[in-house]
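Please examine the model shown below. The questions that follow concern an annotated position, a loop residue and the packing of helices.

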Amino acid sequence: MRFWLYSSLFVILAGAASGQQASDSVAPEIGGTGQVATSEAVAEAQARKAEGRPVEAQDWMVVAAHPLAVEAGAEVLAAGGTAADAMVAVQAVLGLVEPQSSGLGGGAFLVWWDAKSGAMTTLDGRETAPLEATPRLFQDDQGQPLQFYDAVVGGRSVGVPGTPALLQEAHERWGARPWAGLFDRAITLAEEGFAVSPRLSASVAGDAERLGRFDATARYFLPEGAPLQPGAQLRNPDYAETLRALATEGARVFYGGEIAEDIAATVQSAPGNPGVLSEVDLALYRVKERAAVCAPYRAYEICGMGPPSSGAVAVGQTLGLLAPFDLAGSGPESPEAWRLLGDASRLAFADRGKFLADTDFVPVPVKGLLEKMYLENRSQLLNGGVALPEAAPGAPEFDHALNWAMDNSIELPSTSHISIVDSQGNALSMTTTVENAFGSRLMVRGFLLNNELTDFSFRSHRDGVPIANRVEPGKRPRSSMAPTIVMAEGRPVLVLGSPGGSRIIPYVSKTLVAVLDWGLDAQAAVDLPHLVNRFGTYDLEAGTAAEAQAEALQAMGYATEARDLTSGLHVIDLRGGRLQGGADPRREGVALGQ
Ligand code: DON
């Protein structure tokens with residue numbers, strides 16, 4: 001059944017490069033097999049991605065993790081909507097087609113550059129710890145930290161979701177299209193069905209035991225007891241109904257009334273691992289506007305999300321530590337370049353582990369950590385030519401006398417990144433998550449509840465010294481999400497971000513070096529194999545050219561480990577009088593533009 005027609009203008013996604021205008025009617029179709037016959041625009045974008053070529057456009061661009069979500073955003077942008085309008089449509093579809101990564105039951109951080117005012121700001125839609133949560137939330141009766149999945153699965157890990165409120169806040173500030181219509185595409189897909197993607201199917205199969213513990217979750221992801229197959233036709237009428245309520249009444253339906261009652265009841269009665277989140281916590285939820293955190297790098301300002309995310313501080317520190325070195329001269333083949341990147345990243349992670357947490361609860365020396373002299377002094381540690389034997393936190397300028405112990409909270413795969421530039425020139429960078437794949441595995445009214453609270457440190461103290469990122473009621477857990485907008489001469493020049501848990505920080509830092517120092521285009525930069533160092537061991541992306549660096553890095557003193565490194569980098573480069581997009585080949589997304 002044909003359910004959607006593009007405007008004819010919209011499909012010249014690659015016009016700048018190919019000089020071709022694709023044909024008029026390119027409606028995706030859902031056939032009896034459940035396969036989506038994608039639009040010409042998506043097919044061309046996918047072909048470019050497979051060939052390692054970026055998508056180019058003049059007017060607007062959207063890059064996200066699933067073609068159906070990208071199409072929803074593109075439809076809004078083609079109709080003159082803003083990046084904020086398009087983001088709402090993209091997120092509503094992602095919550096359906098990529099539920100393992102983000103959705104209404106999760107949280108997000110959004111960086112916005114406003115073309116009209118020339119101002120940058122950030123919105124914090126991070127989940128919040130319930131008022132009844134204590135620093136011992138993730139400890140057993142003896143005060144010992146729980147095993148990770150014992151903490152994750154069930155009600156205990158669920159924070160108050162921020163995504164619905166964030167969608168509304170962004171739309172109220174920067175939207176131009178009517179709110180309700182932004183959900184149409186997601187509602188249609190939820191009612192009529194969509195084809196389960198290979199990645200969703202593989203994620204379900206890999207998590208079947210945990211998903212099977214809760215009735216509503218099992219019914220949806222394991223129909224008749226078996227994991228969803230790729231291409232299977234999946235409908236989600238409960239999600240459609242939730243979206244209709246959100247569309248007609250706004251985000252307040254989520255934070256009060258029947259939906260809020262259901263969320264609290266599901267958390268509090270989760271079999272085996274109940275939580276304490278209540279309707280009061282939901283009613284109290286607020287999105288917080290925070291100043292963007294910016295750090296200089298070469299001729300650029302790298303701007304992003306400050307605490308409770310560690311993203312912008314750690315990316316800014318990594319690049320600040322690299323500033324004295326000629327990376328452009330060495331290039332991505334050079335082991336020396338990776339030594340510098342790896343050890344700069346380790347030093348940033350050492351500071352992150354000690355100092356970063358929710359600034360509404362603990363003082364964080366954001367300025368001190370990004371201060372020029374501090375980073376210049378610390379970058380001298382990189383002069384040795386061999387791996388740092390140890391990467392210890394520094395002593396940044398602090399306006400309070402404080403001593404924090406090191407944190408070791410754990411993060412594992414899910415999460416999604418959305419990059420959008422609209423025809424008015426606004427830029428949006430948003431990383432959105434339910435934390436672990438499928439979050440807490442609890443499902444309410446067609447969406448999954450997050451497990452974001454496990455981003456807190458499970459330990460509250462170490463050797464009697466408090467940990468900055470310990471659980472506290474009303475606090476937001478430290479994140480690594482790094483939605484980023486790079487500025488030059490007062491204009492945005494790059495929009496990017498990625499999922500990947502705490503590896504987000506090195507993924508984003510390395511992509512910035514790839515574009516700004518090594519001159520790679522947006523697609524080549526995201527294609528570049530990953531080499532990631534956070535805590536000493538060098539992770540090399542398995543099955544790629546990164547593995548060829550193992551010997552040289554070992555000779556410098558690093559332990560190395562080949563492993564999957566599943567980033568989801570989505571990049572828009574605005575330089576050169578056009579928009580150029582790259583979508584991560586490790587996930588299913590595409591870039592579309594006009
Ligand atoms: O906020 C954070 O940093 C994490 N909860 C994000 C989780 C994530 O990126 C998992 N990714 N693959």
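Q: Which residue does UniProt list for "active site"?
A: This is a predicted model, in which local features need pLDDT of at least 70, side-chain atom pairs count only at pLDDT 80 or more, and totals for chains, interfaces and linings use all residues. Residues are numbered from 1 along each chain as its sequence is written, and side-chain values use heavy atoms, with hydrogens and water left out. UniProt positions are given in this numbering, with shortened feature names, and annotations may be inferred rather than shown by experiment. Under "active site", the unreviewed UniProt entry lists Thr415.

Q: Is Thr415 buried or exposed?
A: Thr415 sits in the loop between α19 (372–379) and β12 (416–421); helices (H or I, at least four residues) and strands (E, at least two) are DSSP runs, numbered from the N terminus. Buried means under 20% relative accessible area, exposed over 50%, and partly exposed in between, with a 1.4 Å probe and protein chains only. Because its relative accessibility is 6%, Thr415 counts as buried.

Q: Which residues is Thr415 in contact with, leaving aside its neighbours within four places in sequence?
A: Contact means heavy atoms within 4.5 Å. With those neighbours left aside, the contacts of Thr415 are Glu98, Ser101, Thr431, Thr432, Thr433, Glu435, Met481, Pro499 and Arg587.

Q: How many Å separate Trp404 and Asn469, C-alpha to C-alpha?
A: Trp404 also belongs to the loop between α19 and β12, and its relative accessible area of 8% makes it buried. Not counting residues up to four places away in sequence, Trp404 touches residues including Val465, Pro466, Ile467, Ala468 and Arg470. Trp404 and Asn469 are 65 residues apart in sequence, yet their C-alpha separation in space is 9.3 Å.

Q: At what angle do the axes of α3 and α4 cross?
A: Two packed helices are described by the angle between their axes and the distance between the axes. Axes are lines fitted to C-alpha atoms, for helices over the stretch in contact, and angles run from 0 to 180 degrees between N-to-C directions. The axes of α3 (residues 67–78) and α4 (residues 83–97) come within 8 Å, and their crossing angle is roughly 155°.

Q: Is α3 roughly parallel or roughly antiparallel to α4?
A: Angles under 35 degrees count as roughly parallel, over 145 as roughly antiparallel, 65 to 115 as roughly perpendicular and the rest as oblique. The axes cross at roughly 155°, so the orientation of α3 relative to α4 is roughly antiparallel.
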